Amino acid sequence: MFEAFVLVCLWGVPESSESCQQLQDLRGPYRTEQECRERIIGMTLDIKENWSAVYPKGYRCHEFITTNKQFT
């Protein structure tokens, strides 16, 4: 399982931890890395279309590990 993340930064500002932020997809996780990458493409298009103040700087598909632990 994979989770999708996109790093966005503000236009016209030096890149730093204050001007960039990681966005996490809320629809996943996805079964395959390919499905995750397809979701990232969709997220990137949405960002470009709806947020004129930021630009996508990077992305990643992080392996999501589930556990079957039971808490008491």
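Which residues make up the largest nonpolar core of this structure? Before I answer, a word on the model: it is a predicted one, in which local features need pLDDT of at least 70 and side-chain atom pairs count only at pLDDT 80 or more, while totals for chains, interfaces and linings use all residues. Residues are numbered from 1 along each chain as its sequence is written, and side-chain values use heavy atoms, with hydrogens and water left out.

The largest nonpolar core, then, has twelve residues, namely Phe2, Ala4, Val6, Val8, Leu23, Tyr30, Cys36, Ile40, Met43, Ile47, Val54 and Cys61. By such a core I mean a set of buried Ala, Val, Leu, Ile, Met, Phe, Trp, Tyr and Cys residues joined through side-chain atoms within 4.5 Å, where buried is under 20% relative accessible area, exposed is over 50% and partly exposed lies in between, with a 1.4 Å probe and protein chains only. Two or more residues of this core come from each of β1 (2-10), α1 (33-50) and β3 (54-63), these elements being DSSP runs numbered from the N terminus, with at least four residues of H or I for a helix and at least two of E for a strand.

Let me turn to the cysteines. The structure holds two disulfides, a disulfide being a pair of cysteine sulfur atoms within 2.5 Å. One of them joins Cys36 to Cys61, with an S to S distance of 2.2 Å, and it links distant parts of the chain, since Cys36 sits in helix α1 and Cys61 in strand β3, 25 residues apart. Its torsion of -105° about the S-S bond makes it left-handed. Cys36 is buried at a relative accessible area of 0%, and Cys61, at 18%, also counts as buried.

The other disulfide joins Cys9 to Cys20 at 2.0 Å from S to S. Cys9 lies in strand β1 and Cys20 in strand β2 (residues 20-24), so this pair ties together parts that are eleven residues apart in sequence. Here the torsion about the S-S bond is about 110°, so the link is right-handed.

Finally, the largest pocket is lined by Leu23, Gln24, Asp25, Leu26, Arg39, Met43, Asp46, Ile47, Asn50 and Trp51. A pocket here is an open set of points on a 1 Å grid over the protein atoms alone, where a 1.4 Å probe fits, with protein on both sides within 12 Å along at least five of seven lines, and lining residues have an atom within 4 Å of a point. Helix α1 gives the most to this lining, with five residues.
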